[in-house]
Structure formats: structure tokens, C-alpha cells
Amino acid sequence: MEENNSDDEEINPFTSLLIEQQQQQNTKPNPFTTAQNNNQQLLQNHFIHSIQSTVIIRQLPSEGIAFQLWPAATSLVSLLDTHRINPTTSPLSTVFTTLNRPPRILELGSGTGIVGIVAAATLGTNVTLTDLPNVVPNLKFNAEVNAAVVASNGGAVTFAPLRWGHSADVDMIRDEFDVVIASDVVYHDHLYDPLIETLRFMLIGKKIVFVMAHMKRWKKESTFFKKARKYFSIDVLHVDAPSNGSRVGVVVYRFVDKKVVN
């Protein structure tokens, strides 16, 4: 699906994140319950209906955007939840139900880690969370605080530093994966090439699927998709309706190596 940019406005991702958080606080019902302590930590509870359990996520807003919850992450969490309830009608069925075993998953740009943690719990599988080295301690915190919930549903979560564009970081992980996931990772244009390079390291020549949830904010994001289509076949798995006054909703894409799919 080609990106149509003719009448889109540019939306600052930092501003839109703040607006989204404010709107979530003012809109009912809200699946998230948030408490803030004096250390500027946001502890957010998210109830996962399919496993009847609550996932707890620590955000550290003062540390930057990697430590906050982004809209596309919540959309992917909802899809994972509904996939466990009814996988036959799930938009993710073409990714997960074609495998003969629980999918081995790596998450790129995990941020708070909520998507990977929920994936481990709802799919009963092993998930590796990755982000920049300075983000990993918070990933470790969130993985450990949810370890019992994840384990009780047959899953496990590990974490590792991974800088986009660095093949050595990919090699250090050394595990084999079936699926790579990410949410809200296309925002800074100087990261487009490193992200695509990392996807090439991981997907080219393999039957690995990349699932990316994305909410469009900038016209220039079409450049990322144009570059990515040189190497990958990209199709749309799911589109959320716009919410909270937004002009666009979250889109979930599937990337696969062009040569493998053909």
C-alpha cells in the first residue's frame, strides 16, 4: 500500500505524544490505570483480558521518548490480546498461526517493553526486548516486575542492547527468531537508514516476518517506506480508526524479504 501524502499535515511526534496522554487521562473508559510517584515515575497498569492478568509498566518521562508509552504500542497490545481470544479472526493470524511452534520473537526499539512483554504472555513464547544501552535498565525493570505473569502463561522475556545499523549488535544476540516486532519506530529521518539496515541484517534471506505498528506524523515518512520497498514486500495487516481527534489511526504493517516471498 503506497503512502498518500498529498493532504497530510505534519504532526510533531513529541507534541502528539503529550496530547495523546492528556486525552487518555480525560477519556473514559481507559484500559490504563496510571500512578505517578515523587521520582517522576509513571507506573501504568494494563489489564490483559485474554489472560485475566495485569501488566505493570514503568515510564520515566523525564528520561526521554524511549521511556514513554506511544500510541502504536497500545494498538499492538490490543491486537495481541484479541489474537489470543480468537486467533482465527485476528489480523495477526497470518503471522502467528502459520508456525508449528510458539513464535520466537525479537522486539526492536522496545521502549518501555510493553509490546514484547504482552506478546510473551499472550503467545506463551520467548521474547527478546532490545533498545539502546541506556534504555535497557528500564526494560529489565519492566521485564522483571511482570516475570510471574509472563511465566504463568508459558512465556519468558529477556533483554539486550541493540543499536540500529550495527551488525555486531545483532550478532551478539545470537538467537534465532521467527518474528520481529516494533511500534512507533519511524519518527527521526536520520534513523531510517540504520533501521532498514538492521532489518536487512535480520530478514534478508530468511523467512522472518517483521510486524510494525505505526502512526503517521510526518510527510517525510514516505521516504522510509520507499527505501524499505527496495528490499521488502510490505502489506497492511490492520488499520485502526482515528481516535481522540486524530486525523490518522495506527497502521500495522508486515514486511518480508522480497526474494523469499517470491
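This is a predicted model: local features need pLDDT of at least 70, side-chain atom pairs count only at pLDDT 80 or more; totals for chains, interfaces and linings use all residues.

Reader: OK, helix H8. How many residues does H8 have?

Author: H8 covers residues 192-203, so 12 residues, and reaches 16 Å from its first C-alpha to its last, close to the 16 Å expected at 1.5 Å a residue (the expected span is 1.5 Å times one less than the number of residues). Helices here are DSSP runs of H or I with at least four residues, strands are E runs of at least two, and both are numbered from the N terminus.

Reader: Which residues of H8 are buried?

Author: Tyr 192, Leu 195, Ile 196, Thr 198, Leu 199, Met 202 and Leu 203. Buried means under 20% relative accessible area, exposed is over 50%, and partly exposed is in between, with a 1.4 Å probe and protein chains only.

Reader: Where do they sit around the axis?

Author: They cover an arc of only 160°, which puts them on the same side of H8. The arc is taken from the directions from the helix axis to the C-beta atoms.

Reader: And what follows H8?

Author: Gly 205, with a positive phi near 80°.

Reader: Switching to Ser 167: buried, exposed or partly exposed?

Author: Ser 167 counts as partly exposed because its relative accessibility is 35%. Ser 167 lies in helix H7, residues 167-173, and its C-alpha is 9.1 Å from that of Met 202, 35 residues apart along the chain.

Reader: Cores next. Which residues touch the most other members of the largest one?

Author: In that 43-residue nonpolar core, they are Leu 80, Phe 96, Ile 105, Ile 114, Val 115 and Val 211. Helix H4 (residues 114-123) gives the most to this core, eight residues. A second, separate core of 29 residues includes Ala 182, Leu 195, Met 202 and Met 212. A nonpolar core is a set of buried Ala, Val, Leu, Ile, Met, Phe, Trp, Tyr and Cys residues joined through side-chain atoms within 4.5 Å.

Reader: Last one: why is strand S10 largely enclosed?

Author: Because seven of the seven residues of S10 (residues 251-257) are buried. S10 pairs antiparallel with S8 over five bridges, and seven bridges join S9 to S10, also antiparallel. Pairing needs at least two DSSP bridges between the strands.

Methods
Residues are numbered from 1 along each chain as its sequence is written. Side-chain values use heavy atoms; hydrogens and water are left out.
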